[in-house]
Amino acid sequence: MRIVFEKRQEVSRAIRVLVPVLSLVFALIFGAVLLLLSGVDPFVAYAAMAQGAFGDVHALAETLVKAIPLMLTGLGVSIAFRMLFWNIGAEGQLAMGGLAATWVALYASQSLPRWSVVPAAILLGMVAGALWAAIPALLRAYLQVNETITTLMMNYIAILLVSHMYHGPWRDPEGYGFPGTARFPEVAWLPRIYDRAHAGLFLALIAAAILWFVLQRTKWGFELRITGENPKAARYIGINIPRLILVAMLVSGGLCGLAGVCEVTGVMRRLQQGLTVGYGYTAIIVAWMSQLNPWGVLLVGFLLAGLLVGGDQIQMAMGLPAAMGLVLQGALLFPMLGGSLFAEYKLRIVRSEPQDAVLSQEPLAKEAE
C-alpha cells in the first residue's frame with residue numbers, strides 16, 4: 001500500500017475556498033504551539049501582530065509599503081509560472097528596475113519635462129527588468145538551458161551591480177560616508193497616499209486588472225494557459241513556444257522591474273542598501289498561495305505583508321528575540337503553502353496486490369492462453 005498525489009480533473013469552488021481556510025486554521029494552531037513552547041500567550045501575540053499590521057492608519061500604511069513590491073513581483077512571477085517557466089530571478093529584475101529609475105532621477109530629470117520624469121522612470125525601469133529577464137528566457141527558449149539556475153544566478157549579478165553603483169560611481173559625495181546615492185529631486189518622487197504608502201498601489205491594481213483580462217479574454221492568455229497545462233498539445237496546435245517564453249518573461253521581468261521603481265521613487269527616494277531584501281523570493285510564495293490568480297496575488301500579498309509587519313511588531317512589543325518573528329512567520333507560512341497543494345492534488349491510497357496472489361494467477365493465465 002502506498003500513498004500518491006493525484007491531480008484533480010476539476011477543482012470545485014468549494015475546494016478552492018475550503019483548502020486555504022483550513023490551511024490558515026492549521027497554521028495558526030501550529031504557530032500557537034511554538035509560542036506556547038516559548039512561554040508566550042498565543043492570543044496576546046496574535047493580537048499584537050494584528051495591532052501592529054492593521055491597528056491604525058499608520059500601521060496599515062506600513063503594511064501597504066511591504067505589500068506593493070510583493071504584489072508586483074507576485075504578479076510578475078505568476079505569469080512565468082503559468083507556462084511552467086520557473087522565474088526565480090524576480091529579486092534581480094527588481095534591482096535592475098530600481099537601478100534604471102535611479103539613472104532617470106539623477107541624470108535625466110533635468111532635461112525632461114517635469115510631468116514626464118516619473119513616467120520615464122517607470123517605463124525605463126520596466127524595460128530594464130524585462131531585458132534582464134530576457135537573457136534566461138532566450139537561453140531556455142533556444143538552447144534549453146535550465147532557467148531555474150540562470151535566473152537565480154542573475155540575481156547575484158544584479159544585486160552586486162546595484163551595490164557597486166551606490167557604493168562607488170553614484171555615491172553621494174555629501175553623504176558623510178553613507179553608502180547611497182543623493183536624494184532624488186522632487187519631480188522624481190512617486191506620489192504618496194498616506195504616510196509612506198505610495199501610488200504604487202494603484203499601479204499594482206491596474207496591472208492585476210490588465211493581467212486578468214489578458215489571461216481570460218485574449219488568445220495570448222489562452223496560449224499561455226494551454227502551454228502550462230500541456231506543452232505537447234500546445235506544439236500540436238501550432239503555438240510558437242520559444243516566442244511565448246520570451247514574451248511571457250518580458251512581461252514578468254517588466255512587472256518585477258516596476259516593483260523596483262516603486263521602491264526607489266516611492267519609499268527610499270534614493271538608491272541605497274535595503275532595495276533587495278527578499279521581496280522577489282517571497283513573491284514565489286505569494287504566487288503559489290494565490291494559485292496564480294492576479295486578484296489572489298493582491299490579497300495574498302497584502303496578508304503576507306501584514307504577517308511581516310506584525311512579526312516585527314511582536315519583537316518590539318513583547319521583548320521576544322529577533323529571530324522569533326522570522327520563526328513565527330515561517331511556522332505560519334509553511335502550512336498555508338503546503339495546503340495550497342491540496343487545491344490541485346488529492347491523496348489516493350494505492351493498494352498493491354499480495355505477491356502470492358500474483359503468482360497464483362500466473363498458471364491460470366497460461367491455461368487461458
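**Chatting through the cores, cysteines and rings**

Me: Hi! Which residues touch the most other members of the largest nonpolar core?
Reply: Hello! In this predicted model, Leu75 and Leu271 have the most contacts with other members of that core, which has 90 residues.

Me: And which helix gives the largest share of this core?
Reply: That's helix 10, residues 241-268, with twelve residues in the core.

Me: What does a second, separate core include?
Reply: There is one of nine residues, and among them are Val77, Ile88, Cys256 and Ile284.

Me: Switching topic: how many aromatic pairs turn up in the whole structure?
Reply: Five. One of them is Phe54 with Phe302, whose ring centres are 5.5 Å apart. The planes of Phe54 and Phe302 meet at 45°, so that pair is tilted.

Me: Where do Phe54 and Phe302 lie?
Reply: Phe54 is in helix 2 (residues 42-54) and Phe302 is in helix 12, so the pair ties together parts 248 residues apart in sequence.

Me: How accessible is Phe54?
Reply: Its relative accessible area is 38%, so Phe54 is partly exposed. The buried class would need a value under 20%.

Me: What about Phe81 and Trp86, how are their rings arranged?
Reply: They make a tilted aromatic pair, with 5.4 Å from centre to centre and 55° between the planes. Phe81 is buried, at 2% relative accessible area, whereas Trp86 is partly exposed, at 29%.

Me: Which residues do ring pairs link into a cluster?
Reply: Phe81, Trp86 and Trp288 are linked that way.

Me: Back to helix 12. What span should it have, and what do its ends say?
Reply: Helix 12 runs over residues 294-318, which is 25 residues, and at 1.5 Å a residue it should span 36 Å. Its end C-alpha atoms are 36 Å apart, so the two values agree.

Me: What happens at the start of helix 12, and what follows it?
Reply: At the start, a side-chain oxygen of Asn293 comes within 2.9 Å of the backbone nitrogen of Trp295. After the helix comes Gly319, with a positive phi near 65°.

Me: Now zoom out for me. How many helices and strands are in the protein chain?
Reply: There are 15 helices and four strands. The C-alpha trace spans about 95 × 60 × 35 Å along its principal axes.

Me: Last ones! How much of the chain counts as buried, and what share of the contacts between residues at least 6 apart join residues at least 24 apart?
Reply: Of its 369 residues, 48% count as buried. As for contacts between residues at least 6 apart in sequence, 77% join residues at least 24 apart.

Terms used: Residues are numbered from 1 along each chain as its sequence is written. This is a predicted model: local features need pLDDT of at least 70, side-chain atom pairs count only at pLDDT 80 or more; totals for chains, interfaces and linings use all residues. Side-chain values use heavy atoms; hydrogens and water are left out. Helices (H or I, at least four residues) and strands (E, at least two) are DSSP runs, numbered from the N terminus. The expected span of a helix is 1.5 Å times one less than its number of residues. A polar contact is a pair of N or O atoms within 3.5 Å; within protein, one must be able to donate a hydrogen and the other to accept it, and residues adjacent in sequence count only if both atoms are side-chain atoms. A nonpolar core is a set of buried Ala, Val, Leu, Ile, Met, Phe, Trp, Tyr and Cys residues joined through side-chain atoms within 4.5 Å. Buried means under 20% relative accessible area, exposed over 50%, partly exposed in between (1.4 Å probe, protein chains only). Rings of Phe, Tyr and Trp (its six-membered ring) pair if their centres lie within 6.5 Å; planes under 30 degrees apart count as stacked, over 60 as edge-to-face and the rest as tilted. Contact means heavy atoms within 4.5 Å.
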